[in-house]
Amino acid sequence: MSDLTASVLETKNGFHVDGYEKISYDFTFLDGVFNVENRQLAECYQKWGRVLAVTDMNVFNMYGEQIERYFQHYNLELKVHKTKIGEKAKTIPTFLSIVDSMTEFGIYRKEPVLVVGGGLVTDVAGFACAAYRRNTNFIRVPTTVIGLIDASVSIKVAVNYGNYKNRLGAYHAPMHTFLDFTFLRSLPTAQIRNGFAELIKISSCSHLPTFDRLDKYCEQLISTGFGRCDGASDEIRDAADKINREGIHEMLKLETPNLHEIGLDRVIAYGHTWSPMHELVPETPLRHGHAISIDMAYSATLANNRKLLSDEEHHRILTLFSRAGLSMDHPQFDEDILDKGTAAILKTRDGKLRAAVPNPLGSCTFLNDVTVEELNAALRRHKEIMQGYPRNGEGLEAFVDASDTGYTENNQKEVEALEAAAEKAGNLNASMDGDSVVHGGKVMNGVNGHANVHVNGHSHGFAEKLANGAAQGLTNGVDGFTNGAKA
């Protein structure tokens, strides 16, 4: 929630305005947020008597009936916008489909949209809320480790643009975030591992006690869903709760003085210097946690080369990545990608590299004076070091699959259906940089069967030739109604 105060002063040639925006929002730890005995979420909607929820198909298939029973119990009318979403579908067309649902629902300006899902869903739906009437409220219920630990902390919301991560976005705080770690019971191990990387990020640069706990309990935390799965010991559950609470608290302490990123030296940007470029390079994208782990591991080697990180600390952090099954290298993480990633991040960070590295473990230093030769030398040494680790430093289940999105090679029939629908909807032309673009295609979105047509919708990515559309029974919208051209 935001509250703006300002002063206006006359000057010789006009006026001077000073505006101050107060941003306040809440976090509530609540296991079983959709259990009917927990009325906290329902109370947020009693005033409105209804709820527009945005969630992804995976979450809805797992928890949809429970969510429906919860709001029915409190006599709240529920409409659900369901979407399939992944990094390749984190796009403007996906954003527009949510906007269309908000329009058809008739959302009031201060009425909060309920967003339930992982970080990708909260990013895109949050951006839709930021843009809709310039400021529409929303409430977050994250369901993944990344969503709970990382995306829930920031007020950044965004979509990707082409192969550029989060290039279009805003700063828009939710009214409230409910943190329910029981969702981790049903989360695939690959997704637990994916989120584990975010905790390594914050602890290795800012909170050594959390790093020590991650190091002590690594395998047990991943195998038990951070202590939420049946059979987890009290010791693991207690350790997980301390890790999660302290990790979130540390992130908040670092982020809240700089919510709009006016200061560009950001500790929590460790692992985010080169990863925004190389995450989307593979045809099937890397999971976010694996992409930032490659960046972090390489950055640790760079820091070790400079004697900022001791040999013992360097080995310790690399070993933790390896034990967790996280990626530390990838064949396509090469000098060319390093150079392109550097050029891109210099623009984002106002002409300086500002690469966060541990110095020592548990603290952080920012590097600005690194030459191309030094970066490449560190990369060559890093790849040599990786030969001594399992899989040459490559991670387990490092690429997105159906637990992230339906638009991957692992769901080839759906990919083929989308491509066929795209060809039927419009002409496929190659853009200058090789991305596929749909020109003149009609993307049909809406709620309760109402269709809105977007012309000249652009879609980048191998499996987005019909961006956010539906083909041969694939649905994306409210109450199961179909968006997109049907093949």
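A: Lys253 and Glu250 form a salt bridge, with their closest N and O atoms 3.4 Å apart. The model is a predicted one. Both residues sit in helix 8, three residues apart, so about one helical turn separates them. An α-helix has 3.6 residues a turn, so residues three or four places apart point the same way. The two partners differ in cover. Glu250 counts as buried because its relative accessibility is 10%, under the 20% cut-off. Lys253 stands at 44% and counts as partly exposed.

Helix 8 takes part in another pair. Arg228 forms a salt bridge with Asp241, and here the closest N and O atoms are 2.9 Å apart. Asp241 belongs to helix 8, while Arg228 lies in the loop between helix 7 and helix 8. The two are 13 residues apart, and the pair links distant parts of the chain. Arg228 is buried, at 6% relative accessibility. Asp241 is partly exposed, at 30%.

Next comes helix 7. The side chains of Asp212 and Arg316 meet in a salt bridge, 2.7 Å from N to O. Asp212 lies in helix 7 (residues 208-223) and Arg316 in helix 11 (residues 311-323), so this pair ties together parts that are 104 residues apart in sequence. Asp212 is partly exposed, with a relative accessible area of 33%. Arg316 is partly exposed too, at 27%. The pair also belongs to a network of salt bridges: Asp212, Asp215, Glu219, Arg316 and Arg323 are linked in it.

Why can such pairs form? Side chains of opposite charge can pair when their charged atoms come close. The structure holds 27 salt bridges.

Now the setting. The chain has 14 helices and 17 strands. Of its 487 residues, 57% count as buried. Helix 6 (residues 189-206) shows such burial: 17 of its 18 residues are buried, so the rest of the structure largely encloses helix 6. The largest nonpolar core has 70 residues. Phe196, Leu221, Phe226 and Trp274 have the most contacts inside that core. Helix 10 (residues 288-305) gives the largest share of this core, nine residues. A second, separate core has 24 residues, including Leu30 and Phe60.

Contacts reach along the chain as well. Among those between residues at least 6 apart in sequence, 74% join residues at least 24 apart.

Definitions and conventions:
Residues numbered from 1 in each chain as written. Predicted model: local features only at pLDDT ≥ 70, side-chain atom pairs only at ≥ 80, totals over all residues. Heavy atoms only, no water. Buried < 20%, exposed > 50% of the residue type's maximum accessible area, 1.4 Å probe, protein only. Helix = DSSP H or I, 4+ residues; strand = E, 2+ residues; numbered from the N terminus. Core = buried A, V, L, I, M, F, W, Y, C linked by side-chain atoms within 4.5 Å. Contact = heavy atoms within 4.5 Å. Salt bridge = Lys/Arg side-chain N within 4 Å of Asp/Glu carboxyl O.
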